[in-house]
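Reader: Can you walk me through this one? I'd like to start with the helices, then the core, then the sheets.

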Amino acid sequence: MSAPLWSPSPGRVAASAMSAFIARVNANHGLTLDGYDALHRWSIEHPGLFWNEIWDDSTVIGDKGNVLLTGAGRMPGARFFPEALLNFAENLLRGECDAPALLFNNEGRLVPPVSRAELRADVARLAAVLKSWGVAPGDRVAAFMPNCPEAIVAMLAAASIGAVYSSCSPDFGVRGVLDRFGQIAPKVLIACDGYRYAGKVLPAHDKLAEIIAGLPSLEQVVVVPFIGEGKKQLAKSQDWPDVLAAAPATPLSFARLPFAHPLYIMYSSGTTGVPKCIVHSAGGTLLQHLKEHRLHCDLRAGERLFYFTTCGWMMWNWLVSGLAAGATLALYDGSPFAPDARVLFDYIDEAKINVFGTSAKFIDAIKKEGLVPRASHDLSSMRMILSTGSPLVAESFDYVYADVKKDVVLCSISGGTDIVSCFVLGSPLLPVHRGEIQAKGLGMAVEVWSEEGRPVAGEKGELVCVKPFPSMPVGFWNDDDGAKYRAAYFERFPGVWCHGDFAEITANGGIVIHGRSDATLNPGGVRIGTAEIYAQVEQLPEVQEALAIGQDFAGDVRVVLFVVMKPGYALDEPMRATIRAKIRDGASPRHVPARIVAVADIPRTKSGKITELAVRDIVHGRAVKNREALANPEALELYKDIEDLKS
């Protein structure tokens, strides 16, 4: 076992909501659980009782019913709280006080806070309008929006009625939006007139005209004047201020619906075909997020929660649920490097952010920029840093504790859109070890399995979950017999959720994610996670970023590494030798690429994840089925017909 980089003080452990929850469980069930591992074991051995305690401890508003769980041995097929009635928005909109609910920063432009009373009033107005337009439970309300207060108002108004909410960010192309919203036939579209990114104002009217024309189901369109231009001549459209001003004077009410009633439709990345429409329930999303916020993040009422995200990534949905814990949400839209690389750290100090969420790529980028935030900023409010999107390498842990803040909980977290939450994440009771995720989530029966389907520790395998949990999807949209849903998660190991991550349980009891299983390299029959290669090569100051694939060649698979060099550096033979030596010494000889190729850019999804599968298809001469899923599809052209890969 390695020495931790950070450990909670006894006082901090004792004061945590997690410790209070353990005491509650012990008192209610006559137990003597004495720490996180014991609580986790109990939570997966008694899932009905555990999620019942989450409901009660979080004071969920609703009618719980008497049945906690049916079909506990079936996955899929289990049903949590089958008699319950609740409303997601009602649980997020507790209280009509003047405390701030939302802060908003658009590339350094801060607007006045939105209080809980103001948020509730705007939700009431929009909900009344939606009802007057005939929006009913189960109807779809779609949003093409930046991460701004109006997007949250729209979601809460839809959820208060029982409508199903689905969102894309405005950087999506027309085809990408229609590939998503076209499958779900929304009745109403909430859209921005444009957005700002990297200091540029980007109008969206031309895109919107095509989107509206391509969605025949639309009856109404509301245009938020985000860049001050409004609806102009867009069909079926009204401006947001006019819609709210004309709202019927109706008190806000909440439709209490079954626990499994659909809340969100979210989308797979879509790089291998038309995106899958993943349906998540109101009850499952609410309980899972309350658990993660209140217990795993120790989030308290009045604290400020930030996550750098767009409305096209599941972390937006995760962030918004912080309202249910009484937190103030610190929203941000635009580039994390505009007007400069300090902007998010400026925001931490200005807004007194307590829990700061970002991506592993952002941490790597500021490290390479040479930022030392501990010297340039106060950061006294920030007690926790969350990182997701890709594995956080060990060197990034070192950087955070050396140059960002010494006394901070650094939690790498991992889950996905598929579960709108996390399988593995942090715990306020546990130390932080270099390069490791702290813990399996409470109520999540996570294991790592070999290819033969046996649990393993200390070796790499498939991340699986062997028991049901509430935030499993209700199903996929337009998948009436559930065949696509079962094929996505339950075919590899029948009755077991196979998530598609290549993972390892460490001697410390932590978890390391080595990359996606479908991107795993297999030279000579040995499975290698791409993250293991990136962890080595991206330490080199000359390398900006890297992407690795397995290329079918001469009856085997060889590792090919693509690198983006930093300005002023070239990939010559001495540099190739340096890269190979770094990988050989830091990983193993099997990780050393057979070919190293310089490229100008790396393709990535809208949420910033690099797309090994799309590059692999291009290298093998196969078509990429859905380029609209990519933020920079033009980058794929760089990987076609590379001479060095023909021999």
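**Helices, core and sheets**

Author: Start with H4, where the buried residues are Pro47, Gly48, Phe50, Trp51, Asn52, Glu53, Ile54, Trp55 and Asp57. Keep in mind that this is a predicted model.

Reader: What follows H4?

Author: Thr59 follows H4, and its phi is positive, near 50°.

Reader: On to the core. Which residues have the most contacts inside the largest nonpolar core?

Author: Leu119, Ile152, Met155, Leu156, Tyr165, Leu189 and Ile190. That core has 163 residues. Helix H7 (residues 149–161) gives the largest share, ten residues.

Reader: Is there a second core, or what else is there? Which residues does it include?

Author: A second, separate core has 38 residues, and Ile528, Leu547, Val559 and Ala614 are among them.

Reader: Back to Ile152. What is it in contact with, leaving aside neighbours within four places in sequence?

Author: Ile152 is in contact with Leu102, Leu119, Trp316, Val320, Leu323, Leu329 and Leu331.

Reader: Now H6 and H7. At what angle do their axes cross?

Author: Roughly 55°, and the axes of helix H6 (residues 116–132) and H7 come within 8 Å. That angle makes H6 oblique to H7. The crossing is right-handed.

Reader: Which residues make the contact?

Author: From H6, Leu119, Asp122, Val123, Leu126, Ala127, Leu130 and Lys131. From H7, Ile152, Val153, Ala154, Leu156, Ala157, Ala158, Ser160 and Ile161.

Reader: Strands next. Why is S12 largely enclosed by the rest of the structure?

Author: Because four of the five residues of strand S12 (residues 220–224) are buried.

Reader: Which strands does S12 pair with?

Author: Strand S9 (residues 188–192) pairs with S12 in the parallel sense, over five bridges. There, Cys192 has Val224 of S12 as its bridge partner. S12 is also joined to strand S13 (residues 237–239) by three bridges, and these two run parallel. Val222 stands opposite Gln238 in S13.

Reader: What about the sheet with S1? In what order do its three strands come?

Author: The order is S1-S4-S14, an open sheet with antiparallel pairing. Strand S1 (62–63) and strand S14 (257–258) are the edge strands, each pairing on one side only.

Reader: How many bridges join S1 to S4?

Author: Two bridges join S1 to strand S4 (residues 85–86), and the strands run antiparallel. Gly62 is opposite Leu86 in S4.

Reader: And the open sheet of four strands, what is its order?

Author: S25-S26-S28-S29, again with antiparallel pairing. Strand S25 (446–449) and strand S29 (511–516) stand at the edges with a single partner strand each, so one side of each has no neighbour in the sheet. From one strand to the next, the twist averages 45°.

Reader: Over how many bridges do S25 and S26 pair?

Author: Four, in the antiparallel sense, with strand S26 covering residues 461–465. Val448 has Leu463 in S26 as its bridge partner.

Reader: Last one. Which strands does helix H18 lie across?

Author: Helix H18 (residues 530–537) lies across strand S28 (497–505) and S29. H18 runs at about 100° to S29.

Definitions and conventions
Residues numbered from 1 in each chain as written. Predicted model: local features only at pLDDT ≥ 70, side-chain atom pairs only at ≥ 80, totals over all residues. Heavy atoms only, no water. Buried < 20%, exposed > 50% of the residue type's maximum accessible area, 1.4 Å probe, protein only. Pairing = 2+ DSSP bridges. Core = buried A, V, L, I, M, F, W, Y, C linked by side-chain atoms within 4.5 Å. Contact = heavy atoms within 4.5 Å. Axes fitted to C-alpha atoms, helices over the stretch in contact; angles between N-to-C directions. Parallel < 35°, antiparallel > 145°, perpendicular 65-115°, else oblique. Left-handed = near helix turned anticlockwise from the far one by under 90°.
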